[in-house]
Amino acid sequence: MSELKIFRIAAWVAVAIAAGIWIGFSGILPGTGRVQQAVSTGIAAIGGRFELTSHRGETFNNAKVAGKPYLVFFGFTHCPDICPTTLFELTDLMSKLGPAADRLTPLFITVDPERDTQELLASYMTSFDDRIIALRGSQAQTDAAVKAFAAYYRKVPIEGGSYTMDHTAGVILMNAEGQFAGTLDMHEARETVLAKLKRLVGA
Amino acid sequence: MTLLKTTLVVLVVFIAFAAPSIAHDYTAGNIQIGHPWSRPTPPSAKVAGGYVKLTNAGSEPDRLIAIASPIASRTEIHGSVVENGVASMRPLDGAGIDPGATVAFEAERLHFMFIEPNRQLRNGERFPATLVFEKAGRVHVEFMVQMRTSAPAAEDHSGHGGSQ
């Protein structure tokens, strides 16, 4: 075999390999279609489908808040600190927002449906602005809602057979287009928090 | 006698109505206990939170090891944090107070958890509790039930080093 022949074979092998790689990645072959490129809009993918039951016993899903600005907050009633504080603060903010607050739907989604029954939530929520809706669901429904808002929760057993919950702490803002519009930080000045809510409801 | 009675009634009424608006402090040995307070609870709430500021004026470390209240079936000392946006709390077996230090029980740091309160706590009320320190011993205090928010302007943060 002459050196030239070896070179020719090697060249064709190289071409074949290159072509194979190109075909494999180009999506020409069936079943190798290009993975759909994520189109960056600068808006986080938060706010998917969820279906839960309100503290008044009504089915409440993502369709109920379609076209409306809303707030989502995850918590549980066996929480002595951050959860009631957030609910009291939201109550205060709703009253400070005035009539524009009617356009806003704050949702308090329990991550502890085992202990937070609908009856308990119905009684619990009487302490807060009646436009705040407490929501609970089955374990699967709860998981779906947590996932829809890219949130997190975890059941943590504690000594004595009881348990507590770790959970996403912030209040998620969703605009009327159903897009994520930031979070509320209750450590910020009250005026800043109120300004965010006013912008959200277009007041 | 009647005058004394009237004076006492006036005094009791005055204390009952005027006291909730002012800070209240206690001392146990070298430990100063500043303004124990709790938030009003929603009906059906199975827990209530409590806060206090503990200052060790002595030269030896001390430790809060327990708390009890007749309004709760059990009261725990909890550490609480918000880390990477996730809130969590865990029971602690106490809270150490170094000489000269102040330990503030406050949101996202430390709180008492009154478990299964026997009634709804209402704004302006007080309820009794006993704090137990390793060295300073037992001290009876009253928690004031009051509405407070974490809004910076609404809280008095003087004296604990501006931790927030």
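This is a predicted model: local features need pLDDT of at least 70, side-chain atom pairs count only at pLDDT 80 or more; totals for chains, interfaces and linings use all residues.
B:N84 is exposed, with a relative accessible area of 81%. B:N84 lies in the loop that joins β5 (74–83) to β6 (86–92) of chain B. The backbone there has a phi near 50°, a positive value in a residue that is not glycine. Most residues other than glycine have a negative phi.

A:A150 sits in the loop between α4 (139–148) and β6 (153–157) of chain A. Its relative accessibility is 55%, and because exposed means over 50%, A:A150 counts as exposed.

Chain B contains one helix and eleven strands. Of the contacts in chain B with a separation of 6 or more, 67% are between residues 24 or more positions apart. Chain B has 164 residues, and 45% of them count as buried. The accessible surface of the chain is about 8400 Å². Carbon and sulfur atoms hold 57% of that surface.

In chain A, the helices α2 and α5 deserve a look. Helix α2 covers residues 82–97 and helix α5 covers residues 190–201. Their axes come within 11 Å and cross at roughly 65°. Angles of 65 to 115 degrees count as roughly perpendicular, so α2(A) is roughly perpendicular to α5(A). The crossing of these two helices is right-handed. On the α2(A) side, the contact is made by A:E89, A:D92, A:L93, A:K96 and A:L97. On the α5(A) side, the residues are A:R190, A:V193, A:L194, A:L197 and A:K198. Sorted by type, the residues of this contact are five nonpolar and five charged, with no polar ones.

Which residues does A:T91 contact, once its neighbours within four places in sequence are left aside? A:T91 is itself part of helix α2 of chain A. Its contacts under that condition are with A:F128, A:D129 and A:I132. A:I132 is 41 residues away from A:T91 along the chain, and the C-alpha atoms of the two are separated by 7.9 Å.

Technical notes. Residues are numbered from 1 along each chain as its sequence is written. Chains are lettered from A and ligands numbered from 1 in the order in which they are written. Side-chain values use heavy atoms; hydrogens and water are left out. Helices (H or I, at least four residues) and strands (E, at least two) are DSSP runs, numbered from the N terminus. Buried means under 20% relative accessible area, exposed over 50%, partly exposed in between (1.4 Å probe, protein chains only). Contact means heavy atoms within 4.5 Å. Accessible areas come from the Shrake-Rupley method with a 1.4 Å probe; for residues, only the protein chains shown count as cover. Axes are lines fitted to C-alpha atoms, for helices over the stretch in contact, and angles run from 0 to 180 degrees between N-to-C directions. Angles under 35 degrees count as roughly parallel, over 145 as roughly antiparallel, 65 to 115 as roughly perpendicular and the rest as oblique. A crossing is left-handed if the near helix is turned anticlockwise from the far one by less than a right angle, and right-handed if clockwise. Ala, Val, Leu, Ile, Met, Phe, Trp, Tyr, Cys and Pro count as nonpolar, Asp, Glu, Lys and Arg as charged, and the others, Gly among them, as polar.
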